[in-house]
Amino acid sequence: MTEEALKDLLYKIADDQLILGHRNSEWTGMGPLLEEDIAFSSMAQDKVGSSLAFYTLLHDLGEQEPDTVAFTRNAEQFHNCQFVELPIGEYNFSLIRHFLFDHAELIRFQMLAECPIEEVAQVAKKLKGEVKYHVMHANTWIKQLSNANEEAHTRMQESLNYALPYALGIFEPSQFENDFIEAGIYPGEKAIETKWKENISKILTEAGLTLPAWDSIEAVYGGRYGKHTEHLQPLLSEMTEVFNVDPTADW
Amino acid sequence: MKHSKEDILSLLKEVKDPEIPVISLVDLGVITGIEIEGDHVTVNMTPTFIGCPAMDYMKSDVTEVLNKHGITNHTVNLNLKTTWSSDLISTEGKQALKKFGLAPPPVHGNLIEDLDILEHAECPNCDSTNTTLKSPFGPTLCRSLHHCNNCGEAFESFKPI
């Protein structure tokens with residue numbers, strides 16, 4: 001497998017973490033209740049921290065410094081799926097996104113923990129322990145709210161329906177998909193997707209939410225190769241505001 | 001003067017967690033190894049949580065203590081070669097956490113499947129396990145929030161991970 005392929009993999013993971021970490025942080029001070037405010041802030045901190053771990057791996061492969069990579073690229077240079085850049089919306093959407101995304105992350109890190117590239121496996125092994133808490137948190141709230149009153153149930157179902165095409169975009173195949181599989185790096189996006197469908201179906205059934213037939217949903221692809229919604233650039237502008245005022249600032 | 005691994009470990013007991021100043025990095029399980037080659041000392045550390053902002057402070061505190069004791073020829077590495085787990089916290093460390101008012105993490109042997117493991121944390125104030133998990137996330141990445149139904153106090157627990 002080439003270094004180019006490995007960078008392709010690391011960039012998409014790192015960018016997903018950074019962008020969703022930033023979105024999660026938008027709940028700081030705004031959460032519907034104190035515990036949830038803290039939960040989303042903690043998950044934001046975890047995700048930004050894990051993006052740094054992946055940008056550091058990329059730096060070791062010859063890419064620029066993590067801060068430079070995180071703060072100086074334009075939207076079309078980002079490899080995150082479109083799902084993570086969507087605005088936080090109402091709390092029901094943020095929860096559904098957190099549920100769908102973190103289930104995929106957990107599987108991804110479990111698979112990468114077995115990766116023959118030791119540095120990647122070490123990071124994945126560390127993160128699978130942390131993301132487990134994100135998944136457990138999501139499962140609890142998805143079940144609790146979906147089984148609450150009618151309005152809550154309707155909101156959760158509507159958010160789920162809206163989120164699913166974007167969520168499938170997490171698994172947009174890489175141009176190097178076969179290389180990863182052949183080199184035994186991980187079993188590929190399709191394998192994550194299959195396991196993910198199985199895992200989320202179980203919780204969604206317990207929550208009493210309806211999953212539409214998978215073949216009726218069209219995945220939103222493009223994010224992995226620079227095609228983004230109009231929401232990403234404003235996010236980047238906000239995220240890089242301090243850096244742009246003074247790139248040498250330390251905080 | 002030549003130091004043994006044991007000497008250095010006992011010197012490093014001085015270095016406390018910046019956010020929980022009652023527990024040393026050694027008891028927290030963050031110091032994963034000491035290597036001595038001639039006069040050169042290498043200290044290996046592993047992060048508790050990857051996004052923990054205290055890790056840089058911990059690293060510089062270790063450097064400072066080594067320098068203070070005249071061990072200037074050293075390297076302090078922060079890496080993931082050993083994956084940190086709350087099971088690495090020593091018995092002494094767990095007692096220190098409890099005294100500080102933080103419920104120590106239960107030993108889990110890497111088998112955390114759901115939040116049940118946090119559900120009946122032992123209240124550090126009255127030792128009751130009649131407690132309720134309020135949130136798996138707390139004021140720092142390593143803590144969760146609980147309520148004791150027995151003494152009515154809110155408390156935090158160091159998360160098993």
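This is a predicted model: local features need pLDDT of at least 70, side-chain atom pairs count only at pLDDT 80 or more; totals for chains, interfaces and linings use all residues.
Lys68(B) counts as exposed, at 59% relative accessibility.

Side chains of opposite charge can pair when their charged atoms come close. Over all chains, the count comes to 21 salt bridges. One of them joins Asp16(A) to Arg224(A), with the closest N and O atoms 3.0 Å apart. This pair links distant parts of the chain, 208 residues apart: Asp16(A) is in helix α1 (residues 3–25) of chain A, and Arg224(A) is in the loop between α9 (189–207) and α10 (232–239) of chain A. Both Asp16(A) and Arg224(A) are buried.

A further salt bridge is formed by Glu90(A) and Arg155(A), for which the closest N and O atoms are 2.8 Å apart. Glu90(A) is located in the loop between α4 (82–85) and α5 (91–112) of chain A, and Arg155(A) in helix α7 (residues 150–168) of chain A; the pair therefore ties together parts that are 65 residues apart in sequence. Glu90(A) is partly exposed, with a relative accessible area of 48%, and Arg155(A) also counts as partly exposed, at 30% relative accessibility.

The domain assignment divides chain B into domain 1 (5–84) and domain 2 (101–158). The C-alpha centres of these two domains of chain B lie 27 Å apart. Seven residues of domain 1 of chain B are in contact with six residues of domain 2 of chain B. Between them, the two domains bury about 530 Å², of which 82% is on carbon and sulfur atoms. Of the area that domain 1 of chain B buries against domain 2 of chain B, 71% is supplied by Glu19(B), Ile20(B) and Phe49(B), more than by any other three residues. The side of domain 1 of chain B that touches domain 2 of chain B has five nonpolar, one polar and one charged residues. Zero salt bridges are counted between these domains.

Contact between the chains is illustrated by Ser42(A), which touches Phe137(B), Gly138(B) and Leu141(B). Ser42(A) is placed in helix α2 (residues 34–60) of chain A and is buried, with a relative accessible area of 5%.

Note on methods. Residues are numbered from 1 along each chain as its sequence is written. Chains are lettered from A and ligands numbered from 1 in the order in which they are written. Side-chain values use heavy atoms; hydrogens and water are left out. Domain bounds come from an automatic or database domain assignment. Contact means heavy atoms within 4.5 Å. Buried area is the accessible area (1.4 Å probe) that two parts lose on being put together, summed over both. A salt bridge is a side-chain nitrogen of Lys or Arg within 4 Å of a carboxyl oxygen of Asp or Glu. Ala, Val, Leu, Ile, Met, Phe, Trp, Tyr, Cys and Pro count as nonpolar, Asp, Glu, Lys and Arg as charged, and the others, Gly among them, as polar. Helices (H or I, at least four residues) and strands (E, at least two) are DSSP runs, numbered from the N terminus. Buried means under 20% relative accessible area, exposed over 50%, partly exposed in between (1.4 Å probe, protein chains only). Lists of a residue's contacts leave out its neighbours within four places in sequence.
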